[in-house]
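Here is a structure to look at.

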Amino acid sequence: MQTQDLGQLINALQLTYGASQESVNSGEALLKQASMQPLYAISLLKIVDDQTQQDLVRQSAVVNLKTFLEKHWGEKKEPGHYVVNPEEKALIRATIIDALARCIQAKKLRSQYEDLIYKLVAIDFPKDWPQLVQQLVIKLQNYTSYEDLWSALLTLRRTCEVHQFLLDNDRKPLEPLVASTFPILEALMQKFLENYNEQSGQLVKVILKIFHHATHLLMPIYMRDFNAVAKWMLFFKTIISAQTPPELASFTQDSEEETRREKTYIWTNKKWASRIVLRFIQKFANKKMVDSDMADFAEHIKSTYAIGFMELFYKILTDNSQFQGPRTCLFALKYLYYSLKLDNTKELLKAHYDKLIHHVAIPKMQLTPRDDELWKNDPEEYIKRLDDFSLSTYNMKNPANDLLQEICQQTDANGNLMLIQFLTYCQNAFNSNLDPLTNQPLNLLKKEALLWGIECLVHQIQKIDAIKEGLESILEKHILPEFQNPVGFLRARACHVFYEYGTIEFKNKQNIQLAVQGISKCILDKELPVRVAAAISFSSILQHKEAQDLIRPQLSQVLEIYIKLMDLIDNERIVRSLEEIVKNFTNEITPYAHQLAAHIATIFQKYCNKQNQGDGDSDDDGEAELAASGCLEAIKRILNAPLQQESYVQLEPVIFPIINFALTESGCDFINEALEILNLMLYKKKQLTPGLWFYYPVLCYIIIGLPQETNVYAIQGLTEEQYILLDGCKKDWGSEFVTQMLGSFRNYIQKGGSTFLTQTDFFGNSFISLIFRFIQKIYTIAENGSDETDQNQVTTILIALIENFPGQIDNLIPQIVDFTLLNLSKEKKTNKFKMVNIGVLNMCIWYNPQLVQNYLNSKGITDQILQTLLQMEKHYKYEWDISRLIFALCQLYSLPQIPNYLLTASSEIGKLFVRLSTKILDLREEEESCEQEDQAEEEEDNQKKLADKIQDLEQDEEDDDDDDYDDEEDDYAELYDSPLEDYDAILLMEKLILTLQQSNPQLYTGLFSQLTQQEQEQMTKNIKEAKEQYDEWMKQKQQQQLNK
């Protein structure tokens, strides 16, 4: 086998782990130079194989090999990109499995080779590596050493792993692979289990992983054969039931010893077999979870195997005579949980509900010596393991809790609800401080587990009125006193329980005072987990006005405590609780606004730095991102407080760095929140500062882009952050954030006044021209796609432009009219698209009916356009759509020369006025009803804080009905005050009626003489109701102004 000069390569590899940076740089340069020459990969393979070389040399060689092949194996579009030649690729594919075998005993080399094989399979198999299946079959059948077999199994495992989550055609290569190799694996499993030891157990583990990867998502055709299933089920049962050596079966509370045991082949394989069997009952034994063609298979699994494994796992969980592996117990608990969802297994478990609660679920929910060790020595890690979903997934206490909740929904053989029985047991235990099962003093660990059970049963408990009525008594007797408990984990648990139940209505207001005192004491606790639990539960007690009154005098101290906690630990729930404080003390927060926002912004930056320093996949990164998002939510709450105008100016140095960061590549995870903050600042400010104006062209150029040759640094007077933002606009990357930008554009238009009409940006482009370019760019992007949503949304910006500049933009009206006419002429457009453009056209008529009529007359299409506006009547589904039509019609009927079409159709338009005004009132009534329902739902949501992240398998279906489009008016109205809100379309219509009665009786008669008696009465009723609503609305508005 030809190679490069191995001596030179070895020297270069040695330099890469040298003591000096100069040595490292020199070695990397030599390797880079060699990598551009043929036989580089082959040469590195040769060095890894050479067992006479130092371990560091071999490790460096395999790492460089993997890095090189990842970059240069596949074809890329970049010109001049080096690709490994076909001959070298073929040689590597032919020898890589053997190369793995030769170094398989060296773990660091083995793992690198496995990763490399995974990547090569993902790129080449099956198209460029069709012989892989045959390679594996030969090696599995004709292996000559343990290492040869092990390497073949690892390669098969990685190949299956590549296809684990693929679907349809991408998954097809897995079928012949499974069909060819699984019969061989069955023979190997039979052989290994007959002589089950540490060496054979290592290979059994790999085979179990192969099976897991191949079957986890979909069952391969080969495995749908009942005979094949029978063989594998026997293997799994044998592994799970395998006798445990005495040294691995004795009881231990040593966490290190527990971890060591979990890594032994006995417990590792029990874990993997249990995990696979769990998947069968979780999915493949449930007809609801499989396609129709798998229904018979599901029934077979349920009827043949579900009960047997349920009994096996039940025995493991109730066997207190020896140590049981935590991961095996975890999957056993989950198996019993899913057994309660199948009729045959559920029926058999019914007689054992009490034992499952008191001898399985509650004991497994108790704190462990490892928890105690973390509490004392690493409380931050303890807290993270409570809240981090990715960590808690493999915490045995959580499936035990799930099992308890599922059992409590069931009834026993006598029809008694298990929830009632469990709560009765808890109440007797708490009242007597004795365990009713043993009549011995109640163990504190068990008490904590029982309290946790009650905490997590909140949804079930609140559905039963008889229990709800007694909740205050339970909190008073058994939760409030625990705030003073000398044991830290019970103080913390009391806070967690109160978080779930603290929003109930307290008849005894003294209990609210006790709760405030207790939580306030806990938030100053010496133990961090207690302080965090108290900080989280604070949001619950704040739902009571009495609690707010008690906390208000100490608000500054409370805020200081939260800031210190947030600085100490990344916890999204603490930030969310702070949001509630800001929300409930909106009026009082003003004096602390700047200091609080500045602190939160500092903490936000800390979280972002932590996230950017991580690899993006770690648990810490996810928690930091959630906490950072929570910080921005809290800042939004502060900005929404009734601050003085100068406060917003003072907050700009705090807010702008956040917006600047979010509008860059490294901060784009937070762009939605940052755009909302920008819009809040725009909405709240009466006059826009230069700092706020800076972002208007930035938002435009994020969409329309800047020419690559633009030298942004030639602009004078910008900060470094601003230069970076403008330079980033060359990528025109922001089209996916159009929805979040809309509010800002509307508020720039409204608050900008004459500045918006006359101002130019850094490059001499007028603000007006930028808005039209922005809209056109979104239309162009959408035309190349299939979704009209962005087109519809940006079109409404034209409405904001028209309604905010009456009499000031005559020169723009023809351009806007042409834009809408072009859109209305397009084929295959939805009614939603047509209606938003009709809305713009109606607003143009409202703005200047004579100007628009003259322009349409010049094109000879006036009657045609008016006919289109009226023919779309059934698609006017929202109040603003209808109001704009009425505005336009009233303006047109006020002209000296009314369009002919309106004169000839007057009698029909009179009836239309009745229908439109009636529809407006119906929509207002419906909206009021929806608001009441939303309020009720919000109150219900405040009672529901836990979401079952694992079980949510349903997906919302999109409604493709063209007419049922989203209520964009809600988005339009959010944080933007339309100048036309002060006008009621029905009252404007009344004004037209009264004017025509006096000035044009003939037209009045033409419009309304054909109304039936019922229509006349309806019109009178509509006007009367509209007047009453308008008067009430004006009173509310005046009161709001007084409050401000």
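The questions below test those labels, starting with one residue.

This is a predicted model: local features need pLDDT of at least 70, side-chain atom pairs count only at pLDDT 80 or more, and totals for chains, interfaces and linings use all residues. Residues are numbered from 1 along each chain as its sequence is written, and side-chain values use heavy atoms, with hydrogens and water left out.

Q: Where is Arg279 found?
A: Arg279 sits in helix H15, residues 265-284. A helix here is a DSSP run of H or I with at least four residues, numbered from the N terminus.

Q: What makes Arg279 a residue without a salt bridge?
A: A salt bridge needs a side-chain nitrogen of Lys or Arg within 4 Å of a carboxyl oxygen of Asp or Glu. For Arg279, the nearest side chain of opposite charge is Asp291, 12 Å away, so there is no salt bridge.

Q: Which backbone oxygen lies 2.8 Å from a polar atom of the Arg279 side chain?
A: That of His216.

Q: Which residues is Arg279 in contact with, leaving aside neighbours within four places in sequence?
A: His216, Leu217 and Phe284. Contact means heavy atoms within 4.5 Å.

Q: How many helices and strands does the protein have?
A: It has 56 helices and two strands. A strand is a DSSP run of E with at least two residues.

Q: What percentage of the protein's residues count as buried?
A: Of its 1044 residues, 52% do.

Notes. Buried means under 20% relative accessible area, exposed over 50%, partly exposed in between (1.4 Å probe, protein chains only). Lys and Arg count as positive and Asp and Glu as negative; His and the chain ends are not counted. A polar contact is a pair of N or O atoms within 3.5 Å; within protein, one must be able to donate a hydrogen and the other to accept it, and residues adjacent in sequence count only if both atoms are side-chain atoms.
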